[in-house]
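Work through the exercises below with the sequence and the model open. Each task is followed by a solution in steps.

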Amino acid sequence: MTRSLYCYFAALCLFCVACSGENEEVANSVIPTPYKMEVGSGSFDYEAPLVWFDGVETRDAESLIDFVKKMYPKSQITYSEEKKGIIKIIYNKESNIVTDSYILKVTSDAIEIYSSNYGGMVYGLMTLIQLYNLNDGEIPELYINDMPIFNHRGVLFDVANNFFDLRFIKKQLGLMAFYKFNRMLFHFNDEGGWRVEI
């Protein structure tokens, strides 16, 4: 009896360690680390989810759908609130305190992003893309409440002293968005030097 109890306890410990390892992998895949994150057990796994905007301006919705299509090329905008296989991007001025903060909820049937401004919606989608890349399109069930700690999160490009071509700069801008930087200082001339290719 005692031996079987030990075996049961050991198996339970191994299971808990495995589960915490999975949660840690998910937590470490989001950069920067979210303010608050809870990981569930299921996952959202749809090939072509519909995208529903609530309270988002048309101009913003058109650019946000481009981010969604990086993950789901076949996704389409819907004008009716579906129950399953949907990504909801919701403008909610009550959901945030800090500028550019967002709430991301993922269940097996839906993904919801709440934010009070366009920047928060973009950062919510960047987090979603990071999670999508982690497990080949299978996004784990989770809840994230995230806000930037610093208002200024920037990168300096010093092309006055180190030449970078246009393709490199565009790539770096994409990476800045992916990792939620919001400022770029572009040092492109120094005394008599002008090193931007025109």
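A salt bridge is a side-chain nitrogen of Lys or Arg within 4 Å of a carboxyl oxygen of Asp or Glu. The model is predicted, so local features need pLDDT of at least 70 and side-chain atom pairs count only at pLDDT 80 or more, while totals for chains, interfaces and linings use all residues. Residues are numbered from 1 along each chain as its sequence is written, and side-chain values use heavy atoms, with hydrogens and water left out.

**Exercise 1.** Find which residues are linked in a network of salt bridges.

Solution. Start from the count, which comes to four salt bridges. Arg59 meets Glu57 at 3.5 Å, N to O. Arg59 also meets Asp60, at 3.9 Å. Next, compare accessibility (buried: under 20% relative accessible area; exposed: over 50%; partly exposed: in between; 1.4 Å probe, protein chains only). Arg59 is exposed at 60%, whereas Asp60 is buried at 16%. Another salt bridge joins Lys36 to Glu38, with the closest N and O atoms 3.8 Å apart; Lys36 is partly exposed at 38%, and Glu38 is partly exposed at 43%.

**Exercise 2.** Determine where the buried residues of helix H2 lie around its axis.

Solution. Helices (H or I, at least four residues) and strands (E, at least two) are DSSP runs, numbered from the N terminus. The buried residues of H2 are Asp60, Ala61, Leu64, Ile65, Phe67, Val68 and Met71. Seen down the axis, they fall within an arc of 160°, so they line one face of the helix; the arc is that of the directions from the helix axis to the C-beta atoms. The face turned away from this buried side carries the exposed residues Arg59, Glu62 and Lys70. The buried residues of H2 pack (contact: heavy atoms within 4.5 Å) against S2, strand S3 (76-77), S4 and H3.
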